[in-house]
Amino acid sequence: RVEVGALRTAAAASAGVQAQYDEASVQLERARSECEGLRLEAVAAKEELSYKVEQYESEAAGMQAHIKILELALGEGAAESMRSAAQHAAAQHTATARLEGAQ
């Protein structure tokens, strides 16, 4: 009788441990799934930000080319202020892209 009671107690304890293990396995799988979702969101955000930075850099390069043409046409003095304005605009575009990526 003592052995039967001990076996029942051991079986109940084993079932409890198995239930805890099963619950932990479910929680682990949820955490892995959530982690993968966050990783995919990060990759998508990084790609979007990279695209915007490339776009702004392309616009800045176009502005620089336009400035070079103006420098040739107007001379260095008048073009210097335009170069400064274009560099400021390019910096703002880049800062905007980085801020959008940080959000």
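Student: Why is Lys52 called partly exposed?

Tutor: Lys52 has a relative accessibility of 23%. Buried means under 20% relative accessible area, exposed means over 50%, and partly exposed is in between (1.4 Å probe, protein chains only). The value 23% falls between those cut-offs, so Lys52 counts as partly exposed.

Student: What kind of model is this, and how are residues numbered?

Tutor: This is a predicted model, with residues numbered from 1 along each chain as its sequence is written. Local features need pLDDT of at least 70, side-chain atom pairs count only at pLDDT 80 or more, totals for chains, interfaces and linings use all residues, and side-chain values use heavy atoms, with hydrogens and water left out.

Student: What makes Glu48 and Lys52 a salt bridge?

Tutor: Their side chains meet at 3.4 Å, N to O. A salt bridge needs a side-chain nitrogen of Lys or Arg within 4 Å of a carboxyl oxygen of Asp or Glu. The 3.4 Å gap is within 4 Å, so the pair qualifies. Side chains of opposite charge can pair when their charged atoms come close.

Student: How are Glu48 and Lys52 placed in the helix?

Tutor: Both lie in helix 1, four residues apart, about one turn of the helix. Helices are DSSP runs (H or I, at least four residues), strands are E runs of at least two, and numbering starts from the N terminus. Glu48 has 46% relative accessibility, so Glu48 is partly exposed.

Student: How do you know that Glu29 and Arg32 form a salt bridge?

Tutor: Their closest N and O atoms are 3.9 Å apart. That is within 4 Å, so the pair passes. Glu29 and Arg32 are three residues apart in helix 1 (residues 2–74), which means a separation of about one helical turn.

Student: Why is Arg32 called exposed, but Glu29 partly exposed?

Tutor: Arg32 has a relative accessible area of 51%, which is over 50%, so Arg32 is exposed.

Student: What makes Glu36 and Arg39 a salt bridge?

Tutor: The closest N and O atoms of Glu36 and Arg39 are 2.7 Å apart. Glu36 has 35% relative accessible area, and Arg39 has 42%. Both values fall in between, so both residues are partly exposed.

Student: How many salt bridges are there in the whole structure?

Tutor: A search finds three.

Student: What makes the protein more spread out than a compact globule?

Tutor: Begin with its elements: two helices and zero strands. The radius of gyration is 32 Å, while the globule rule gives 13 Å for 103 residues. That radius is taken over C-alpha atoms, and the rule is 2.2 Å times the number of residues to the power 0.38. The value is well over the rule, so the protein is more spread out than a compact globule. Its C-alpha trace spans about 110 × 15 × 10 Å along the principal axes.

Student: What share of the residues counts as buried?

Tutor: Of the 103 residues, 9% do.

Student: Which residues of helix 1 can be set against His93?

Tutor: Glu59, in helix 1, is 34 residues from His93 in sequence and 9.2 Å away in space, C-alpha to C-alpha. Gln55, also in helix 1, is 38 residues from His93 along the chain, with C-alpha atoms separated by 9.4 Å. Glu59 is partly exposed at 35%. Gln55 is partly exposed at 35%.

Student: How far apart are Glu57 and Glu36?

Tutor: They are 21 residues apart along the chain, and their C-alpha atoms are separated by 31 Å. Glu57 lies in helix 1.
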